[in-house]
Amino acid sequence: MCTDNAGAMKARQAKESLYSRLGKEKKIGVFVDNLYESHKGNDQIGHMFKHVDRDRFVDNVVKFLVAGTGGANKYKGRNMKDVHSGMDITSSDFLAAGGDVQAVMKELKYGENEIQEVVCALVSFVPVVVTK
Ligand code: HEM
C-alpha cells in the first residue's frame with residue numbers, strides 16, 4: 001500500500017503539506033490526545049501506557065508529528081529507537097497501535113488520503129520500534 005502509492009502521496013504533499021491537511025498544531029493536538037486515550041484503553045497495548053504521563057506524551061508526539069509532516073521543528077525528544085527500546089514491541093502490538101491511529105483519525109473525520117499518509121509514515125519506523 002505504501003510503496004505503490006508513494007508517488008501519489010509525494011505529489012499531494014508537494015501541493016499542500018500533510019501538516020496543513022491534518023489541521024495544523026491545534027487539531028493534531030486533539031488527535032494525539034484522543035490517541036493517548038485509545039492506546040490506554042486498548043486491551044493489547046494499554047499496559048504499556050499505564051505509567052505514561054499524558055501531557056508529556058501528547059506534547060512530544062504532537063511536536064514529532066508537526067515536525068515530520070511539514071510544520072515547525074520543535075521536537076526535542078529522544079530518537080524513536082531510544083524511546084521504544086526495552087518495550088519489547090511486537091508486530092502485533094504495532095498493528096494494534098496502528099489500528100488506534102486509523103480509528104481515531106476516522107472519528108475526527110480525516111480523509112482516507114491523510115490516514116494513509118500518516119499510517120505509511122508510521123510504518124517507516126517499524127524497523128526501529130518493533131524489537132521483538
Ligand atoms: C512505529 C511507529 C511509532 C512512532 C513513530 C512512535 C512515536 C512516538 C513518539 C514521538 C513518542 C514520544 C516520545 C517520548 O515520549 O519521549 C512515543 C512514545 C511512546 N510510544 Fe511510540 N511510536 C510508534 C509506535 C509505538 C508502538 C507500536 C507502541 C506500543 C504498542 C508505542 C509505545 C509508546 C510508549 C509507551 C511511549 C511513551 C514513552 C515514555 O513516556 O517514556 N509506540 N512514541
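**Figure 1. Burial and contacts of Asp-100 in the predicted model.** With 21 C-beta neighbours inside 10 Å, Asp-100 counts as buried; a residue is buried if 20 or more other C-beta atoms lie within 10 Å of its own, exposed if 12 or fewer, and partly exposed in between, with C-beta atoms placed from the backbone. This is a predicted model, in which local features need pLDDT of at least 70 and side-chain atom pairs count only at pLDDT 80 or more, while totals for chains, interfaces and linings use all residues. Residues are numbered from 1 along each chain as its sequence is written. Asp-100 belongs to helix α6; helices (H or I, at least four residues) and strands (E, at least two) are DSSP runs, numbered from the N terminus. Apart from neighbours within four places in sequence, Asp-100 is in contact with Leu-35, Ser-38, His-39 and Asn-42, where contact requires that the C-beta atoms of two residues, placed from the backbone, lie within 7 Å. The C-alpha atoms of Asp-100 and Ile-115 are separated by 11 Å, and these residues are 15 residues apart along the chain.

**Figure 2. Packing of helix α3 against helix α6.** Two packed helices are described by the angle between their axes and the distance between the axes. The axes of α3 and α6 are 9 Å apart, at an angle of about 135°; axes are lines fitted to C-alpha atoms, for helices over the stretch in contact, and angles run from 0 to 180 degrees between N-to-C directions. The helices α3 and α6 are therefore oblique to each other. Angles under 35 degrees count as roughly parallel, over 145 as roughly antiparallel, 65 to 115 as roughly perpendicular and the rest as oblique. The crossing of α3 with α6 is right-handed; a crossing is left-handed if the near helix is turned anticlockwise from the far one by less than a right angle, and right-handed if clockwise. From α3, the contact is made by Phe-31, Asn-34, Leu-35, Ser-38 and His-39, and from α6 by Ala-97, Asp-100, Val-101, Ala-103, Val-104 and Met-105. The residues of this contact comprise 7 nonpolar, 3 polar and 1 charged. For these classes, Ala, Val, Leu, Ile, Met, Phe, Trp, Tyr, Cys and Pro count as nonpolar, Asp, Glu, Lys and Arg as charged, and the others, Gly among them, as polar.

**Figure 3. Packing of helix α3 against helix α4.** Helix α3 spans residues 24–40 and helix α4 residues 54–69; their axes come within 9 Å and cross at roughly 130°. Helices α3 and α4 are therefore oblique to each other, and their crossing is right-handed. On the α3 side, Glu-25, Ile-28, Gly-29, Val-32, Asp-33 and Tyr-36 meet Arg-54, Phe-57, Val-58, Val-61, Val-62, Leu-65 and Val-66 of α4. By class, the contact of α3 with α4 consists of 9 nonpolar, 1 polar and 3 charged residues.

**Figure 4. Packing of helix α6 against helix α7.** Helix α6 (residues 91–107) and helix α7 (residues 112–123) pack with their axes 10 Å apart and at an angle of about 160°. That angle makes α6 roughly antiparallel to α7. The crossing of α6 and α7 is right-handed. Gly-98, Val-101, Gln-102 and Met-105 of α6 meet Glu-114, Ile-115, Val-118, Val-119 and Leu-122 of α7. The contact of α6 with α7 contains 6 nonpolar, 2 polar and 1 charged residues.

**Figure 5. Residues around the ligand.** The ligand is surrounded by 21 residues, the closest being Ile-45, Asn-60, Phe-64, Ala-97 and Phe-125; a residue is near a molecule or strand if its C-beta atom, placed from the backbone, lies within 6 Å of it. Two or more residues of this shell are given by each of α4, α5 (80–84), α6 and α8 (126–129). The largest share, 4 residues, comes from α4. The shell comprises 16 nonpolar, 3 polar and 2 charged residues.

Figure 6. Most residues other than glycine have a negative phi, and most peptide bonds are trans. Asp-88, in the loop between α5 and α6, has a positive phi near 55°. Asp-88 is exposed, with 11 other C-beta atoms within 10 Å. Lys-109 lies in the loop between α6 and α7, and its phi is positive, near 65°. Lys-109 is exposed, with 7 other C-beta atoms within 10 Å.
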